[in-house]
Amino acid sequence: MESITLEQAAEYLREHDKYLILMHKSPDGDAVGSGYALCMALRNMGKRADTLCGDIIPPMYGYFTDMVQNEGFEPECIVSVDLATTNLLSGKALEYKDRIDLCIDHHGSNTGFAKYGFVDGRISSCAEIIKYLFDTMKIEITKNIADALFTGICTDTGCFKYSSVSPQTHIAAADLMEKGADSGYICHAMFDNKSKSKILLEKMVLDTLEFYGGECIAFVVITKAMMDESGAMECETDGIASIPRQIEGVKIGVTMKEKENGEYRFSVRTSDEIDASVICSRFGGGGHKAAAGCSIHSTFRDAKEKMIAACIEILEDRK
Ligand SMILES: [Mn+2]
């Protein structure tokens, strides 16, 4: 992948047409916000643009996604947003995995799968990068675009709490508010509002809470049976990963989720001094310093033991 500047990315977008914007599976607020904001901005420039995600876009983002319908043309340029690796594509988006032209991302672990890429692991969210891209391009930020980008920034920063938040992040968010982003609604809808099924799921998950490594590791499990019993949607499990890390004294919070065919998906959240992406990269995963993920294909017991051993080892290494 050839690394390019924001100016070069801007030039690329100005010079081409017929864009298809790819988003990762189990799309979060940053993927959806970045993808839809870019799609809307390109259309406002008179370009053709569609978005593609292999999974359903959660309805909670409807306040900025509902007004964007795909046109369904043959794309000429494939762009990915918030995508660290093509392993995170699903469904129809997988068809484009080997022909991505432009990648815009904020994962330091980005595998460099595209022809051109702007990747900056220091920036809070892909949406924050897209905001700077639009500033570079002097694109008018409409209310819908502002809502989409604000959503990406606020969800990827845990409502402006993570260490990835810089003064520039707040300045970008403030500018988006001035352009019409409904900060109060978005923060409330993303963080303070849960369905009954999600709360029921959280109740069951908390019942599985266990501690390891002298109470420095908190471990919870989400089984398929819990998903069925609570009626929670896949996208409603997103916030659960942050719960074990919230416990006082816990340095590593691990959420183990049962998937299909002996796959167990782990979400790891860590406090400042421990790098979650180091733990997850051992099992072929990756992510950020404070939040990362990976999958282990094995039995429940073996997968759990392997993960706990890796966490204990990284804790020991620090001593
Ligand atoms: Mn992101």
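What radius of gyration would a compact globule with 319 residues have, and what does the protein chain have? A compact globule would come out near 20 Å, and the protein chain has 19 Å, which agrees. Here the radius of gyration is taken over C-alpha atoms, and the globule rule is 2.2 Å times the number of residues to the power 0.38.

Before we go on, please keep in mind that this is a predicted model, where local features need pLDDT of at least 70 and side-chain atom pairs count only at pLDDT 80 or more, while totals for chains, interfaces and linings use all residues. Residues are numbered from 1 along each chain as its sequence is written, and side-chain values use heavy atoms, with hydrogens and water left out.

## The overall picture

The C-alpha trace of the protein chain spans about 55 × 40 × 40 Å along its principal axes. Its secondary structure comes to 11 helices and 12 strands; helices (H or I, at least four residues) and strands (E, at least two) are DSSP runs, numbered from the N terminus. Of the 319 residues in the protein chain, 52% are buried. Buried means under 20% relative accessible area, exposed means over 50%, and partly exposed lies in between (1.4 Å probe, protein chains only).

Contacts tell us about the fold too, with contact meaning heavy atoms within 4.5 Å. Among the contacts in the protein chain with a separation of 6 or more, 65% are between residues 24 or more positions apart.

## The manganese site

Which protein donors does the manganese ion have? They are Asp30 (OD), Asp82 (OD), His106 (NE2) and Asp156 (OD), at 2.1 to 2.3 Å from the ion. Donors are N, O and S atoms within 2.8 Å of the metal (3.2 Å for Na, K and Ca); water is not among the atoms, so sites may look incomplete. Along the chain, the donors follow the spacing D-x51-D-x23-H-x49-D.

## Aromatic pairs

A pair of aromatic rings is described by the distance of the centres and the angle of the planes. Rings of Phe, Tyr and Trp (its six-membered ring) pair if their centres lie within 6.5 Å; planes under 30 degrees apart count as stacked, over 60 as edge-to-face and the rest as tilted.

| Pair | Centre to centre | Angle between planes | Type |
|---|---|---|---|
| Tyr63 and Phe64 | 5.2 Å | 80 degrees | edge-to-face |
| Tyr212 and Phe219 | 6.2 Å | 85 degrees | edge-to-face |

## Two buried strand residues

Ser80 is found in strand E4 (residues 77-81). Is Ser80 buried or exposed? With a relative accessible area of 0%, Ser80 is buried. Leaving aside neighbours within four places in sequence, its contacts include Leu22, Ile100 and Phe113.

Val268 lies in strand E10 and is buried, also with a relative accessible area of 0%. Beyond neighbours within four places in sequence, Val268 is in contact with residues including Ile252, Cys280 and Met307.

## Loops with a positive phi

Most residues other than glycine have a negative phi. Phi of Glu215, however, is near 65 degrees. Glu215 lies in the loop between strand E7 (210-212) and strand E8 (217-222), and counts as exposed at 54% relative accessibility. Asn261 has a positive phi as well, near 50 degrees. Asn261 lies in the loop between strand E9 (252-258) and strand E10 (263-270), and is exposed at 74%.

## Cysteines

How many disulfides does the structure hold? The number is zero, where a disulfide is a pair of cysteine sulfur atoms within 2.5 Å. For Cys159, the nearest cysteine sulfur is that of Cys187, 3.7 Å away. Cys159 counts as partly exposed at 26% relative accessibility. For Cys280, the nearest cysteine sulfur belongs to Cys294, 4.0 Å away, and Cys280 is buried at 0%.
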